[in-house]
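Keep the viewer open as you read, and follow each group of points in turn.

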Amino acid sequence: MERLTHQARLEWDGSTGEGYRVYSRAHSASAPPAEAALRLSADPHFRGDAALLNPEQLVVLAASSCQLLSFLSLAARRHLDVVRYTDDATGHLSEDLRRARIELIELAPVIEVAPGTDEALVLALVEQAHQECYIANSLTSTVTISATVSRPGPA
């Protein structure tokens, strides 16, 4: 089987000549052939622009997105009717900045399913998706999942 690869391009222009407090942390990222590009910065704690996404947020988003896609794939193969999935994910940085890392990523998906869906099956597929998620398997961070299953209310 051919190894899959993923390309990314990062661009930054500016000057660090005036020192740490002054240079711009803003940069752009793209991943051809995708057309979308992102404007990024550092976390505000590191003098970045809070209005732009930062790398730490992207790691948390990647873990959340991978879990979603892994779960939906498994659910679709089982013909389990998932109608909505939201996740308010949180990443926790280590307090030791000499060994800075995201220590913990907490995923908290709320998975809305069609009436009559077996909740135990949904939760089993959440766990299986976690075991199969490329991103979670690539990280040294602990990734936890606390899923909630819901059903649509009356119309």
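The disulfide count comes to one. That bond joins Cys66 to Cys133, with an S to S distance of 2.5 Å. Cys66 sits in helix 1 and Cys133 in the loop between helix 2 (119-132) and helix 3 (134-138), so the pair ties together parts that are 67 residues apart in sequence. Please bear in mind that this is a predicted model.

**The cysteine pair**

- Are the two cysteines buried or exposed? Cys66 is buried, and Cys133 is buried too.

**The largest pocket**

- The space in the largest pocket comes to about 330 Å³.
- By residue type, the lining of the largest pocket has six nonpolar and two polar residues, and no charged ones.

**The second largest pocket**

- For the second largest pocket, the volume is about 170 Å³.
- Around this pocket you will find Ala8, Arg9, Leu10, Ala29, Ser30, Ala31, Ala34, Ala36, Ala37 and Leu38.
- Strand 1 (9-11), strand 2 (27-30) and strand 3 (37-40) are the elements that each give two or more residues to that lining.
- Eight residues of the lining of the second largest pocket are nonpolar, one is polar and one is charged.

- Strand 7 covers residues 109-113, and its covered face holds Pro109, Ile111 and Val113.
- The uncovered face of strand 7 carries Val110 and Glu112.
- How many bridges join strand 4 (residues 82-87) to strand 7? There are five, and the two strands run antiparallel.
- Val113, from the covered face of strand 7, is the bridge partner of Val82.
- Strand 7 is also joined to strand 9 (residues 148-150), by three bridges, and this pair runs parallel.
- Glu112, from the uncovered face of strand 7, stands opposite Ser150 in strand 9.

Conventions
Residues are numbered from 1 along each chain as its sequence is written. This is a predicted model: local features need pLDDT of at least 70, side-chain atom pairs count only at pLDDT 80 or more; totals for chains, interfaces and linings use all residues. Side-chain values use heavy atoms; hydrogens and water are left out. On a 1 Å grid over the protein atoms alone, a cavity is a set of points where a 1.4 Å probe fits but cannot get out, and a pocket is an open set with protein on both sides within 12 Å along at least five of seven lines; lining residues have an atom within 4 Å of a point. Grid points are joined across faces, edges and corners, and a volume is the space filled by probe spheres set on the points. Ala, Val, Leu, Ile, Met, Phe, Trp, Tyr, Cys and Pro count as nonpolar, Asp, Glu, Lys and Arg as charged, and the others, Gly among them, as polar. Helices (H or I, at least four residues) and strands (E, at least two) are DSSP runs, numbered from the N terminus. Buried means under 20% relative accessible area, exposed over 50%, partly exposed in between (1.4 Å probe, protein chains only). Two strands pair if DSSP finds at least two bridges between them. A disulfide is a pair of cysteine sulfur atoms within 2.5 Å.
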